[in-house]
Amino acid sequence: MVRPSVRRATAVAALLALCAAGCSEPATPPAAAPTPTGGVSATAAPPAGPSPVPAARAGLGGRPSPSDRPCTVFPADNVWHADVSRLPVHPRSAAMIGAIGDGSAVHADFGSGRWEGAPIGIPVTVVPAGQRRVPVTFGYADESDPGPYPVPPVPPDAAVEGGPDGTGDRHVIVWDRAACRAYELFDAHRSGAGWRAGSGAVFDLRSNRLRRAGWTSADAAGLSILAGLVRYDEVAAGRIDHAIRVTVPRTRTGWTWPATHSASSATDPALPQLGQRLRLKRSVDLSRLPRQARIVAEAMQRYGLIVADHGSAWFLSGAPDPRWDNDALHALGGLRGSDFEVVDAAGLMLSAGSGATG
């Protein structure tokens, strides 16, 4: 969106005309926009000049106007922030937990330091207002939001999951707080002056709108990755206020709201679907867990987990940060799949195309 410019001379002339007409109070200058708040373990990209965006480009591809409001990750009534601690247990909960792995241990797939030469977790890059946009091409272009994206062209300014030479999912997550949008890429690689990726999605973090039915994102479920990451600053503040992204080995065809995409042809009803909401049982005693692990576990009891992709059982996603205590996070491994249950979250849904809850 292109904002019209106003000439300084015109504004001064208008002010003089008002005063000449007898105005008794001086004009009040506009207040400066506050600095967006909200912690995230992230790599801050250096400022760069904006690139022009065609005025005709609208919707997710256009450059939105900055807002005075702080940028949170989705509205408070979004399904990611829904308290599921009192939702009913799904009738096939036991079968689905068994299929995921009722004897498998929980694993915090994030932490401090490096593993195999790369930071541990899915990094988040926070970019400044006006970050230059670069072209992005997609392997699954028909289900991806078109570029350009404000992704810094040179790692580590845009941190890649697994590092520049990683061979895994290679997610790139960019948080533009000024525009309050998340730009997320799967299997991202540098290409010329921009990037090429398997798929990509842009999320308006002030909106509850979901992706089109059948569309993927940078995640198999079609959901935002940023929304489900455990971030150090949340834990340091003492509370995570959202569900946590989790991977499971296999899923059933179709999807469960709020997911929009399926990545399986299996029909076994014992398998969970992408989007399935899981919850740590209330009966599980968390008092002996170290603080960082306890805060994560408390979030799993209140907000639960959302099945977002295929991978190792009970792997929780988070952003790397040098302040994580890896020993404390490893204490989550004392939790087993049998400590969880699948909840029936259908009653939260107001509309299949919206993440808003009732």
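In the predicted model, the largest pocket has a volume of about 750 Å³. Its lining comprises 30 residues, of which D109, W115, I120, G121 and E161 lie closest to the pocket centre. When the lining of the largest pocket is sorted by class, 14 residues are polar, 9 are nonpolar and 7 are charged. Several secondary-structure elements supply at least two residues each to this lining, namely the strands β2 (107–109), β4 (118–119), β12 (244–248), β14 (305–310) and β15 (315–317), together with the helix α5 (326–330).

The chain as a whole contains 16 strands and 5 helices. Among the contacts in the chain with a separation of 6 or more, 73% are accounted for by residues 24 or more positions apart.

A197 is located in strand β10, which spans residues 194–197. With a relative accessible area of 8%, A197 falls under the 20% cut-off and is therefore classed as buried. When residues up to four places away in sequence are not counted, A197 touches V136, T137, F138 and G139, as well as L185, F186, D187 and A188. The C-alpha atoms of A197 and Y140 are 8.4 Å apart in space, although these two residues are separated by 57 residues in sequence.

Methods
Residues are numbered from 1 along each chain as its sequence is written. This is a predicted model: local features need pLDDT of at least 70, side-chain atom pairs count only at pLDDT 80 or more; totals for chains, interfaces and linings use all residues. Side-chain values use heavy atoms; hydrogens and water are left out. On a 1 Å grid over the protein atoms alone, a cavity is a set of points where a 1.4 Å probe fits but cannot get out, and a pocket is an open set with protein on both sides within 12 Å along at least five of seven lines; lining residues have an atom within 4 Å of a point. Grid points are joined across faces, edges and corners, and a volume is the space filled by probe spheres set on the points. Helices (H or I, at least four residues) and strands (E, at least two) are DSSP runs, numbered from the N terminus. Ala, Val, Leu, Ile, Met, Phe, Trp, Tyr, Cys and Pro count as nonpolar, Asp, Glu, Lys and Arg as charged, and the others, Gly among them, as polar. Buried means under 20% relative accessible area, exposed over 50%, partly exposed in between (1.4 Å probe, protein chains only). Contact means heavy atoms within 4.5 Å.
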